[in-house]
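Let us walk through this model by question and answer. Please look at the sequence and structure first.

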Amino acid sequence: FGETDLYKIVQPSDGMAKIQSLFKRMTGFGMPLFQGRSILFQDIGIMPQRKPVVVVVGAPLPPPQWKNKEKGGSFHPEIDRATGKALNDDGKMLNDYHAQYVQALEDLFETY
């Protein structure tokens with residue numbers, strides 16, 4: 001918690017917005033303008049601001065037990081992208097562990 005306070009997002013001027021738009025068309029992603037600090041100057045640089053960041057670590061999740069590993073098979077989960085429903089056993093395992101992970105994150109967030 002607190003990561004969003006480490007950099008200031010700069011609102012671009014009209015000219016800078018055009019350059020950002022051109023960059024996005026050329027590369028496929030938009031680069032935000034941000035302001036950090038440096039060793040010598042507090043208002044200019046790319047290092048993060050000196051703000052507190054709280055790191056929270058939750059209980060470990062047990063790793064999944066993969067059934068096909070002994071047979072030399074590979075992990076190929078198949079999931080219907082429209083519904084999120086698993087189409088094979090690997091997809092079911094992936095969905096189950098994803099649900100456990102999301103639940104653990106939600107519990108951690110509610111705790112802190």
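Q: Is Phe1 buried, partly exposed or exposed, and at what relative accessibility?
A: This is a predicted model, where local features need pLDDT of at least 70, side-chain atom pairs count only at pLDDT 80 or more, and totals for chains, interfaces and linings use all residues. Residues are numbered from 1 along each chain as its sequence is written, and side-chain values use heavy atoms, with hydrogens and water left out. Buried means under 20% relative accessible area, exposed over 50%, and partly exposed in between (1.4 Å probe, protein chains only). Phe1 counts as partly exposed, because its relative accessibility is 40%.

Q: Which aromatic pair links distant parts of the chain?
A: The structure holds 3 aromatic pairs. Rings of Phe, Tyr and Trp (its six-membered ring) pair if their centres lie within 6.5 Å; planes under 30 degrees apart count as stacked, over 60 as edge-to-face and the rest as tilted. One of the pairs is tilted, with 6.1 Å centre to centre and 50° between the planes. It joins the segment before strand 1 (8–9) to helix 2, across 108 residues, and its members are Phe1 and Phe109.

Q: What kind of aromatic pair do Phe23 and Phe29 form?
A: Phe23 is partly exposed at 33% relative accessibility, and Phe29 is partly exposed at 45%. Their ring centres are 5.5 Å apart, with 85° between the planes. That pair is edge-to-face.

Q: How much accessible area does the nonpolar patch on the surface have?
A: Patches take residues with over 30% relative accessible area and no salt bridge, joining like charges within 9 Å and nonpolar side chains (Val, Leu, Ile, Met, Phe, Trp, Tyr) within 5 Å. Ile9, Phe23, Phe29, Met31, Phe34 and Ile46 form this patch. Areas come from the Shrake-Rupley method with a 1.4 Å probe; for residues, only the protein chains shown count as cover. Together the six side chains' residues have about 610 Å².

Q: Which residues form the salt bridge?
A: A salt bridge is a side-chain nitrogen of Lys or Arg within 4 Å of a carboxyl oxygen of Asp or Glu, and a search of the whole structure finds 1. Both partners lie in helix 2 (residues 89–111), 4 residues apart, about one turn of the helix. Helices (H or I, at least four residues) and strands (E, at least two) are DSSP runs, numbered from the N terminus. The closest N and O atoms are 3.2 Å apart, and the residues are Lys92 and Asp96.
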